[in-house]
Amino acid sequence: KASWEKNFIVVDTTTTNSIDEIIDTKIYNDWIPSLLKNSSPIPLSLKEEEVNLELLEQERKATRENQLHQYDQYTRKWVGIVAKMNNKMAGKANLVRKKLLSDL
């Protein structure tokens with residue numbers, strides 16, 4: 001798991017009724033130091049990757065012209081319309097969309 005998925009906070013309101021007391025004592029004195037001590041740093045990449053804009057534009061053009069992509073976009077619009085009309089049927093409509101695309 002990632003470092004941000006390992007930590008969670010449980011607020012025990014049985015010992016105090018004041019949210020200010022919880023914030024002052026628990027968060028600042030207990031939780032934050034504990035999180036900082038027990039979590040590992042998240043590595044950041046400071047390098048910017050070079051992007052070949054011509055190649056990227058060619059790939060985008062090929063995607064736009066791809067009939068399967070166009071069909072996928074069209075059927076997604078229909079799933080969106082179904083979801084607006086009857087949200088309970090959106091899942092079934094999406095399954096139908098996936099089945100149609102897999103059959104192509």
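A salt bridge here is a side-chain nitrogen of Lys or Arg within 4 Å of a carboxyl oxygen of Asp or Glu. R97 lies in helix α5 (residues 90-103) and D72 in helix α4, so the pair ties together parts that are 25 residues apart in sequence. Helices (H or I, at least four residues) and strands (E, at least two) are DSSP runs, numbered from the N terminus.

D72 has another partner: its side chain also meets that of R76 in a salt bridge, at 3.0 Å, N to O. D72 and R76 are four residues apart in helix α4, which means that about one helical turn separates them. Together, D72, R76 and R97 are linked in a network of salt bridges.

How covered are these residues? Buried means under 20% relative accessible area, exposed over 50%, and partly exposed in between (1.4 Å probe, protein chains only). R97, at 7% relative accessibility, counts as buried, and so does D72 at 13%. R76 is partly exposed, with a relative accessible area of 45%.

## About the model

You are looking at a predicted model, in which local features need pLDDT of at least 70 and side-chain atom pairs count only at pLDDT 80 or more, while totals for chains, interfaces and linings use all residues. Residues are numbered from 1 along each chain as its sequence is written, and side-chain values use heavy atoms, with hydrogens and water left out.

## The chain as a whole

The chain has five helices and zero strands, giving the pattern α-α-α-α-α along the sequence. Of its 104 residues, 11% are buried. The chain exposes about 9,800 Å², and carbon and sulfur atoms supply 56% of that area; accessible areas come from the Shrake-Rupley method with a 1.4 Å probe, and for residues only the protein chains shown count as cover.

Contact means heavy atoms within 4.5 Å. Among contacts with a separation of 6 or more, residues 24 or more positions apart account for 38%.

## Two further spots to look at

The salt bridge count for the model comes to four. One of them joins the side chains of E57 and R64, at 3.4 Å, N to O. E57 is partly exposed at 40% relative accessibility, and R64 is partly exposed at 47%.

Back in helix α4 (residues 67-85), you will find G80. G80 is partly exposed, with a relative accessible area of 30%. Its C-alpha atom is separated by 9.0 Å from that of N94, 14 residues apart along the chain.
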